[in-house]
Amino acid sequence: MHRAAHMPGPEAFDFDLPAEQIAQQPAATRGDARLLVLGAPGEVPPWQHSHARELPRWLPDGALVVVNDSRVVPARLFLTSETGRRLELLVCDPRPGLGIGAGFRAWVRGAKHLREGLRLTHGPRGQGEFECVYRGLDPIDPRARRFEVLGGELLPTLASAGEVPLPPYIRREAGPDARDAERYQTLYATQPGSVAAPTAGLHWEPEVLARLDLVRITLHVGPGTFLPMEAADVSQHRVGAEEAEISTEAASRILAARRDGRPIVALGTTATRALEAVAAAHGELVPFHGPVDLVVTPGHRFRIVDHLVTNFHLPRSSLLMLVCSLGGRERVLAGYREAVRAGYRFYSYGDCMLLGPGPDA
């Protein structure tokens with residue numbers, strides 16, 4: 001893999017999408033989602049149209065499929081300040097163990113009304129209410145604010161009173177509903193900590209998963225995944241650190257599969273980011289537990305992932321850039337244009353695609 005002499009700007013990852021093709025609801029059943037299969041470079045026809053439940057027939061022989069088992073937390077919470085103002089928090093890192101004295105970060109709607117030392121609560125006083133205090137700006141993420149827990153515990157409070165943080169392009173007057181609690185979650189989600197679903201995993205029913213050779217890893221998705229690329233040099237774009245975990249067993253199985261010449265298929269960009277970040281930092285995949293912040297840009301040397309199953313992403317987004325970095329920008333964007341022409345549904349509740357390495361990967 002050679003590094004491109006000239007790094008393309010965000011405009012290189014743009015495409016036209018009619019607003020009506022942005023999915024506002026999930027498909028009737030998970031397997032009903034459509035699947036666009038990109039052929040190998042130069043293959044005729046260049047793509048095939050299928051459905052998610054048919055994924056096993058399109059995977060390369062011997063594929064080991066890596067999934068992200070992070071679970072979405074209802075991380076949007078409304079708190080009342082001691083001045084009586086209602087503030088909306090999107091908790092960035094909703095992990096277990098955030099009790100009294102613990103710190104957490106959140107994006108805040110109405111942040112201009114915060115002052116250091118301001119207390120915020122949820123629930124009636126004396127009845128197990130949650131209380132925290134504002135501690136100022138986050139030194140790493142300029143969009144985030146820091147808080148310290150004074151009473152109660154954050155994760156149980158979110159579980160009982162939080163809202164599913166649907167992406168901003170899902171616009172419903174009534175907001176999230178009971179169906180989202182099930183469908184904005186993969187069937188194998190067991191590790192709570194994400195504020196956004198690893199959406200490539202939303203399409204798979206038990207009978208499909210049973211036919212795949214699966215390995216689980218974890219990457220807790222933060223809100224930065226939705227940020228548009230605004231830097232002229234896309235290599236400077238950041239989504240913020242996200243917590244990842246690759247167990248000894250998972251690393252061993254993936255390395256053994258590579259030694260045996262088996263293709264590694266990442267079920268989603270989040271699994272891809274975790275695998276490639278750890279391999280890039282250590283020269284090879286190793287057991288790991290800690291923060292990762294890799295943004296895959298053109299010229300990235302893919303050390304682990306051979307094929308990718310992924311949803312259709314926002315224009316000018318780091319996720320689309322990752323897909324193009326693996327599959328080749330022109331090839332992937334041609335597939336996007338075909339998906340638009342064929343009426344595919346886009347983004348988190350939309351359809352998906354399968355692709356392997358492109359001409360430059």
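Me: Where is Tyr 347 found?

Reply: Tyr 347 sits in the loop between helix 8 (329-341) and strand 17 (352-355). Helices (H or I, at least four residues) and strands (E, at least two) are DSSP runs, numbered from the N terminus. Keep in mind that this is a predicted model, where local features need pLDDT of at least 70, side-chain atom pairs count only at pLDDT 80 or more, and totals for chains, interfaces and linings use all residues. Residues are numbered from 1 along each chain as its sequence is written, and side-chain values use heavy atoms, with hydrogens and water left out.

Me: What is the phi of Tyr 347 near?

Reply: Near 75°, a positive value in a residue other than glycine. Arg 316, also not a glycine, has a positive phi of about 55°, and its place is the loop between strand 16 (307-311) and helix 7 (318-327).

Me: Tyr 347: buried or exposed?

Reply: Buried means under 20% relative accessible area, exposed over 50%, partly exposed in between (1.4 Å probe, protein chains only). Tyr 347 has 8% relative accessibility, so it counts as buried. Arg 316 counts as partly exposed because its relative accessibility is 33%.

Me: And how many residues of helix 6 are buried?

Reply: Eleven of its 14, so helix 6 is mostly covered. Among them are Thr 269, Arg 273 and Glu 276. Just after helix 6, Gly 283 takes a positive phi of about 85°.

Me: Which residues does a cis peptide bond join?

Reply: Val 44 and Pro 45, with omega about -5°. Pro 45 lies in the loop between strand 1 (34-38) and strand 2 (47-51).
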